[in-house]
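Dear colleague,

Please find below the structure I wished to hand over to you.

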Amino acid sequence: MRSVLPALGLLLLFSLVRAGAQTTQDPPVGRPDAVIDLASHEGVQLVSGQWRYHDVKIEDADSRAVVPT
């Protein structure tokens, strides 16, 4: 009985790890139902979209430590 308990423990641990693992899906097959060109004005209007941007400020850092700003 003592030799069975570690094996059951490992089996339980393996099943828990396996249950939490990510799964992948196959890519879609065939043509999509619709294609919207977001680079065109008409495509952006079709989905009520809005292009936005924000300038970036790059700051030098001495280390990779997390510090409050």
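Accessible areas here come from the Shrake-Rupley method with a 1.4 Å probe. On that basis, the protein chain exposes about 7900 Å², and carbon and sulfur atoms supply 58% of this area. Please note that this is a predicted model.

Buried residues account for 4% of the 69 residues in the protein chain. As to secondary structure, the chain has two helices and zero strands.

A nonpolar patch lies on the surface, formed by Ile36, Leu38, Leu46, Val47 and Trp51. Together these residues present about 530 Å² of accessible area. One of them, Val47, is located in the segment after helix H2 (41-46). Val47 has a relative accessible area of 42% and is therefore partly exposed, since that class runs between the limits of 20% and 50%.

Ser48 also deserves a remark. This residue lies in the segment after H2, and its phi is near 55°, a positive value in a residue other than glycine. Is Ser48 buried or exposed? Its relative accessibility is 68%, so Ser48 counts as exposed.

Finally, I turn to charged side chains. Side chains of opposite charge can pair when their charged atoms come close. The count of salt bridges comes to one. In this salt bridge, the side chains of Lys57 and Glu59 meet at 3.9 Å, N to O, which falls within the 4 Å cut-off. Both Lys57 and Glu59 are exposed.

With kind regards

Conventions:
Residues are numbered from 1 along each chain as its sequence is written. This is a predicted model: local features need pLDDT of at least 70, side-chain atom pairs count only at pLDDT 80 or more; totals for chains, interfaces and linings use all residues. Side-chain values use heavy atoms; hydrogens and water are left out. Patches are made of residues with over 30% relative accessible area and no salt bridge: like charges are joined within 9 Å, nonpolar side chains (Val, Leu, Ile, Met, Phe, Trp, Tyr) within 5 Å. Helices (H or I, at least four residues) and strands (E, at least two) are DSSP runs, numbered from the N terminus. Buried means under 20% relative accessible area, exposed over 50%, partly exposed in between (1.4 Å probe, protein chains only).
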